[in-house]
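Have a go at each one with the structure open before you read the solution.

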Amino acid sequence: MSKEVTPEFKKSVITLLYQLADDDYLFSYRGSEWLGLAPHIEEDVAFSSITQDTMGHAKLYYTLLEELGEGNSDSLAQLRPKEERGNSLLVERPNGEGYYKEAPNYDWGYAVARNYIYSTAKKAKIEALKVSSYGPIQEIATKISAELYYHQMHWTTWFTQLFTATEESRSRMSSALEEVIKDAGDLFSFGELAPSLSTTFELIESEEAIKERWFTIIKPTFETVKITVPELPTPTINGRNGQHTDDLTSAIETMSEVYRSDLAASW
C-alpha cells in the first residue's frame with residue numbers, strides 16, 4: 001500500500017528511521033566492546049558476526065535517511081548529539097563496570113539477557129515493517145529478516161542454556177534479566193509521533209500490537225526455562241523523544257573519535 005508523500009508523511013518516515021537506525025547502531029557498538037572477551041573463541045566469532053550484521057542494518061536505515069535529504073549517512077551515525085538520537089535506553093547502557101581497553105568487568109549474563117530481549121523485540125518490529133506503507137522500509141525489513149532469524153536463535157540458545165544449567169547461572173541470569181527489563185520501558189515506544197507512525201500513515205503496527213507479537217515470540221522460551229514473562233515498566237525517560245543518559249554521551253564520543261579526527265577523509 002502506498003501513501004501520498006506529504007510533508008507530514010515524510011516527517012513520520014524520518015522519525016521512524018532514526019529510531020530504527022539509532023537502535024541498531026548503539027546496539028552493535030555495545031556488541032563491538034565484547035570483541036575478544038566472549039566466553040570462548042567460537043562465541044567471539046559468532047558475536048562479532050552478529051555485531052557486524054547489526055551495524056549493516058543501521059547502515060541501511062541511515063542510507064535511506066540520506067536519500068531523504070537528511071545528510072551524509074556516516075555523519076548521521078557519528079556526529080549527532082544525544083538529544084537528536086531516537087534509540088531506546090536499553091541499547092545505550094554500558095556493558096558493565098570498567099572500560100573495554102583497560103578493565104572490562106563485564107557480565108556475560110547481562111549481555112545474553114540484553115541481546116535476547118533486544119533481538120526478540122527487533123524480530124517483532126521487523127515482522128510489522130514487512131507490511132509498512134512505505135516501500136523502501138518494507139524492502140529493508142525483508143533483507144534484515146533472514147539474518148535476524150539466526151541472531152534470535154543464537155541468543156535464545158544462550159538464554160535457555162544459562163537459565164537451565166546450574167543454580168548459580170540461573171540466579172545470575174535472573175538478576176541480569178531484571179536489570180535489562182528496568183531499561184526496556186521505551187523499547188516498544190514510538191515517542192510523541194506514535195499515532196502518526198501507526199494509525200495515520202500505517203508505517204508500522206501500533207505499540208500494543210508489536211508488544212503482543214513480542215509476547216508470542218518469547219512465551220515458549222520463558223515457559224521452557226520456567227520463569228514468568230516480565231511486565232515492561234512505564235519509561236521514566238523516553239529515548240524516542242530524545243531523552244537519554246550520560247552513558248549515550250560517552251558512547252558517542254568514543255564511537256566518533258576517529259571520524260571526527262578528519263571530517264574531510266573518505267572512509
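**Exercise 1. Find how many cavities of 30 Å³ or more the whole structure holds, and give the volume of the largest.**

Solution. Keep in mind that you're working with a predicted model. Start with the count: searching the whole structure turns up 2 cavities of 30 Å³ or more. Then take the largest cavity, which comes out at about 110 Å³. The second largest cavity has a volume of about 50 Å³.

**Exercise 2. Work out which residues line the largest cavity, which helix gives the largest share, and how the lining splits by class.**

Solution. First, list the lining: Leu20, Asp23, Asp24, Tyr61, Tyr118, Ala121, Lys122, Lys125, Ile126, Leu129 and Leu187. Next, sort them by element: helix 1 (7–32) and helix 5 (108–129) are the ones that give two or more residues. Helix 5 has the largest share, with 6 residues. Finally, go by class: you get 7 nonpolar and 4 charged residues, and no polar ones.

**Exercise 3. Do the lining, elements and classes again for the second largest cavity.**

Solution. Begin with the lining residues, which are Phe27, Arg30, Gly31, Trp34, Phe47, Asn95, Ala111, Arg114 and Asn115. Now check the elements: helix 1 and helix 5 are those giving two or more residues to this lining. Last, the classes: 4 nonpolar, 3 polar and 2 charged, with Gly counted as polar.

**Exercise 4. Say which helix holds Ser73, whether Ser73 is buried or exposed, and what Ser73 touches.**

Solution. Ser73 belongs to helix 3, residues 73–78. With a relative accessible area of 5%, Ser73 is buried. For the contacts, skip residues up to four places away in sequence, and you're left with Lys59, Tyr62, Thr63 and Glu66 touching Ser73.

Conventions
Residues numbered from 1 in each chain as written. Predicted model: local features only at pLDDT ≥ 70, side-chain atom pairs only at ≥ 80, totals over all residues. Heavy atoms only, no water. 1 Å grid on protein atoms, 1.4 Å probe; cavity = no way out; pocket = protein on both sides within 12 Å on 5 of 7 lines; lining within 4 Å. Points joined across faces, edges and corners; volume = space filled by probe spheres on them. Helix = DSSP H or I, 4+ residues; strand = E, 2+ residues; numbered from the N terminus. Buried < 20%, exposed > 50% of the residue type's maximum accessible area, 1.4 Å probe, protein only. Contact = heavy atoms within 4.5 Å.
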